[in-house]
Amino acid sequence: MERQLITILINNCNDNIEQLGLFEGIMGNCLALYLLNKQIHCIEAERIAENMLERVSNEIYKIQSNTLDKGLSGIGWAINELLKTNCVEGDVDDILYEVPSGG
């Protein structure tokens with residue numbers, strides 16, 4: 001089952017995804033790939049998830065929303081989850097360095 005999910009995510013995870021958010025965007029697909037990869041190691045899934053996380057990190061300044069589904073809250077939660085589950089290593093402050101501050 002996990003291998004099928006990874007295949008579906010890989011086939012659907014391409015550069016055509018415009019949203020960065022958690023529910024319908026790149027961050028949600030990235031989180032799913034990383035977590036599934038912990039169950040069944042797939043080098044391609046890990047590479048794609050790393051690229052997605054890098055894209056989110058590089059484009060996070062574009063996000064205007066603070067919501068969980070499409071905004072900064074969801075991305076921050078997902079990155080924290082990736083760190084907590086040892087899918088990625090690092091300091092959350094370094095990963096989220098580009099997040100705009102202020103209201």
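**View 1. Helix α4 and the residue that follows it.** Helix α4 spans residues 72-84, and its 13 residues reach 18 Å from the first C-alpha to the last, close to the 18 Å expected at 1.5 Å a residue. The expected span is 1.5 Å times one less than the number of residues, and helices are DSSP runs (H or I, at least four residues) numbered from the N terminus. The model is predicted: local features need pLDDT of at least 70, side-chain atom pairs count only at pLDDT 80 or more, and totals for chains, interfaces and linings use all residues. Residues are numbered from 1 along each chain as its sequence is written, and side-chain values use heavy atoms, with hydrogens and water left out. Asparagine 86, which follows α4, has a positive phi near 60 degrees.

**View 2. The largest nonpolar core.** This core has 31 residues, and Met27, Leu33 and Leu82 have the most contacts inside it. Two or more residues come from each of α1, α2 (26-39), α3 (43-59) and α4; α2 gives the most, with 7 residues. A nonpolar core is a set of buried Ala, Val, Leu, Ile, Met, Phe, Trp, Tyr and Cys residues joined through side-chain atoms within 4.5 Å.

**View 3. Surroundings of leucine 33.** Not counting residues up to four places away in sequence, leucine 33 touches Ile6, Leu9, Ile10, Cys13, Ala45, Ile48, Ala49 and Met52. Contact means heavy atoms within 4.5 Å.

**View 4. Leucine 5.** Leucine 5 lies in helix α1 (residues 2-12). The residue is partly exposed, with a relative accessible area of 37%, where partly exposed means between under 20% (buried) and over 50% (exposed).

Definitions and conventions: Buried means under 20% relative accessible area, exposed over 50%, partly exposed in between (1.4 Å probe, protein chains only).
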